[in-house]
Amino acid sequence: MNERIIIIDNVDPVIFYGVNNCNIQLIRNLFPKLRMAARGNVIKVIGDEQETSVFEEKVKKLEDYCSRYNKLTEDVILDVIKGEPPKELKMDEAIIYGVNGKPISGRTPNQQLLVKTYQQNDLTFALGPAGTGKTYIAIALAVRALKNKEVRKIILSRPAVEAGEKLGFLPGDMKDKIDPYLQPLYDALEDMIPAVKLKEYMESNVIQIAPLAFMRGRTLSDAVIVLDEAQNTTTHQIKMFLTRLGMGSKMIITGDVTQIDLPRTSVSGLVQALAVLKGVPGIGLVEFGKKDIVRHHLVQRIVEAYEKHEATQKAKAAADRQSDE
């Protein structure tokens, strides 16, 4: 008799084992000669050496499928154990498959352009109004790179700037104080990585979420680095952040130059960086517009209404200046 210990470390065991352990029960039924016990991410199997070897090979194939698609069904288990290739989920240009197998892909031409620009450049700027999916696609690209072992970690950052509100002295430790600023990044990750696996990544610092101020002095190598809400950086902050780029890393900077929350006396670092770095080889730029908005249909109308209002105000101000002259 032979005993094998198999570690399932690339997937969430809850998804792999199935509801009420239905998947592991099906696998057990398909290998009636083996004795098997599964707990956490460890599967222990006892039986003939050749059959336990085949069992391990099949389980690893199922793990690879589950890691890619974030789901495991009865049909896939039957196909893999019978030696047939499992049916590939059909989705044009899917970046990754999120929680419960939901495909995440570029839904608009500019989202698809962001995917291509990221592949061709080490530094990519993604600019546009709220709801265009800039940050979501950027984080999906980072998660894909991590899953494909192209990088060793993901680093997500945001400047801690209030959007017109003074939050005062928040209770709790440092993490409690900065988490409200970083919540949109957590929301995106929760759509793409199962909860147990995400917690493991966070605890082991494979995925790091930190405010911009914590980046000083670091060299960020073998990572995908995403800076969100970059319009709220100062000129010194964005220069500091851009120069953190290390070997084997890629960086995506997202922002909306129409939503700057800095004091009126401060210049947006994003605006300055776009001017300074224009035409530099290896830097890509994707500009999103109103047609790329993928939130509630009212968001596009709200953006258009504000743009119309601002244009009217500018025209009025220009007319007032001319009349004064």
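Contact here means heavy atoms within 4.5 Å, a cut-off to keep in mind as you click through this predicted model.

Stop 1: Select β1 (2–7), β2 (35–39) and β3 (residues 42–47). These 3 strands make an open, antiparallel sheet, ordered β1-β3-β2. β1 and β2 are at the edges with a single partner strand each, so one side of each has no neighbour in the sheet. On average, neighbouring strands are turned by 15° against each other, direction ignored. Now zoom in on the pairing of β1 with β3, which is antiparallel and runs over 6 bridges. As a landmark, pick Asn 2 and look across to Gly 47 in β3, which stands opposite.

**Stop 2**

**Stop 3: helix α2.** Next, select residues 22–30, which are helix α2. Which residues of α2 are buried? Colour Asn 23, Ile 24, Leu 26 and Ile 27 to see them. They lie on the same side of α2, because the arc they cover around the axis is only 155°. What do the buried residues of α2 pack against? Show α1 (13–17), β2, β3, α3 and α4 (74–82), and you have the partners.

**Stop 4: the largest core.** In soluble globular proteins, nonpolar side chains tend to be buried together. Here the largest nonpolar core holds 36 residues, and Leu 189, Met 192 and Ile 207 have the most contacts inside it. Elements giving two or more residues to this core include β4 (94–97), α5 (109–120), α7 (174–192) and β8 (207–211). The largest share comes from α6, with 9 residues. Centre the view on Met 192: beyond its neighbours within four places in sequence, its contacts include Ile 96, Tyr 97, Tyr 136, Ile 139 and Val 143. Another core, of 26 residues, lies apart from this one; among its members are Ile 6, Ile 15, Tyr 17 and Ile 24.

**Stop 5: Val 99.** Finally, go to the loop between β4 and β5 (103–105) and pick Val 99. Is Val 99 buried or partly exposed? Its relative accessibility is 25%, so Val 99 counts as partly exposed. Leaving out residues up to four places away in sequence, Val 99 touches Asn 70, Glu 190, Asp 191, Met 192, Ile 193 and Pro 194. To end the tour, draw a C-alpha to C-alpha distance from Val 99 to Arg 216: the two are 33 Å apart in space and 117 residues apart in sequence.

Note on methods
Residues numbered from 1 in each chain as written. Predicted model: local features only at pLDDT ≥ 70, side-chain atom pairs only at ≥ 80, totals over all residues. Heavy atoms only, no water. Pairing = 2+ DSSP bridges. Helix = DSSP H or I, 4+ residues; strand = E, 2+ residues; numbered from the N terminus. Axes fitted to C-alpha atoms, helices over the stretch in contact; angles between N-to-C directions. Core = buried A, V, L, I, M, F, W, Y, C linked by side-chain atoms within 4.5 Å. Buried < 20%, exposed > 50% of the residue type's maximum accessible area, 1.4 Å probe, protein only. Arc of directions from axis to C-beta.
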